[in-house]
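Please look over the sequence and the structure shown here before reading the notes that follow, which take up the surface, the pocket, the ionic pairs and the backbone in turn.

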Amino acid sequence: MEYECELTVPGEWSFRGEGLADPSGYGIEGGRFGRRGELSTWDATGRRLRIPRYAIRRLGPARMVVSSPGGGGLGDPLLRDPASVLRDVRDGLV
């Protein structure tokens, strides 16, 4: 899931970055880790800002894009029905 927002007025933001550096969605029964999340932030001039994973920052105006981490898989993906894998790929799940 991806979220994007424009911060039009200055404000104080609290950041908690679980799942940004390392995947937080564990697989089970041979399933693999989910994708790690991402956070990208730019100031009003388009300069990319470096935000620590855990921080309180005053921002704005700015643009922020957050991609949530993915969940882990269930079962060994190499043992799945190929048609099911293809469907998941086409649906953007993997």
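## A nonpolar surface patch

On the surface, Val89, Leu93 and Val94 form a nonpolar patch, and together they have about 320 Å² of accessible area. Patches are made of residues with over 30% relative accessible area and no salt bridge, with like charges joined within 9 Å and nonpolar side chains (Val, Leu, Ile, Met, Phe, Trp, Tyr) joined within 5 Å. The areas come from the Shrake-Rupley method with a 1.4 Å probe, and for residues only the protein chains shown count as cover.

Val94 lies in the segment after helix 1 (82-90), where helices (H or I, at least four residues) and strands (E, at least two) are DSSP runs numbered from the N terminus. Val94 counts as exposed because its relative accessible area is 67%; buried means under 20%, exposed over 50%, and partly exposed in between, with a 1.4 Å probe and protein chains only.

## Basis of the model

This is a predicted model, in which local features need pLDDT of at least 70 and side-chain atom pairs count only at pLDDT 80 or more, while totals for chains, interfaces and linings use all residues. Residues are numbered from 1 along each chain as its sequence is written, and side-chain values use heavy atoms, with hydrogens and water left out.

## The largest pocket

The largest pocket holds about 500 Å³ of space. Of the 18 residues that line this pocket, Gly71, Gly72, Gly73, Leu93 and Val94 are the closest to its centre. On a 1 Å grid over the protein atoms alone, a pocket is an open set of points with protein on both sides within 12 Å along at least five of seven lines, a cavity is a set of points where a 1.4 Å probe fits but cannot get out, and lining residues have an atom within 4 Å of a point. Grid points are joined across faces, edges and corners, and the volume is the space filled by probe spheres set on the points.

By class, six nonpolar, eight polar and four charged residues make up the lining; here Ala, Val, Leu, Ile, Met, Phe, Trp, Tyr, Cys and Pro count as nonpolar, Asp, Glu, Lys and Arg as charged, and the others, Gly among them, as polar. Gly72 lies in the loop between strand 6 and helix 1 and is partly exposed, with a relative accessible area of 33%. The C-alpha atoms of Gly72 and Gly34 are separated by 4.2 Å, although these residues are 38 residues apart along the chain.

## Salt bridges

Four salt bridges are found in a search of the whole structure, each being a side-chain nitrogen of Lys or Arg within 4 Å of a carboxyl oxygen of Asp or Glu. One of them joins Arg63 and Glu4, with the closest N and O atoms 2.9 Å apart. This pair links distant parts of the chain, since Arg63 is in strand 6 (residues 62-67) and Glu4 in strand 1 (residues 2-7), 59 residues apart. Arg63 is partly exposed at 28% relative accessibility, whereas Glu4 is exposed at 52%.

Asp43 forms a salt bridge with Arg47, the closest N and O atoms being 3.2 Å apart; Asp43 is buried, with a relative accessible area of 17%, while Arg47 is exposed, at 51%. In the salt bridge of Arg35 with Glu38, the closest N and O atoms are 3.7 Å apart.

## Backbone features

Most residues other than glycine have a negative phi, and most peptide bonds are trans. A cis peptide bond joins Gly60 and Pro61, with omega about -15°, and Pro61 is found in the loop between strand 5 (54-59) and strand 6. Glu29, a residue other than glycine, has a positive phi near 50°; Glu29 lies in the loop between strand 2 (11-16) and strand 3 (38-43) and is exposed, with a relative accessible area of 66%.
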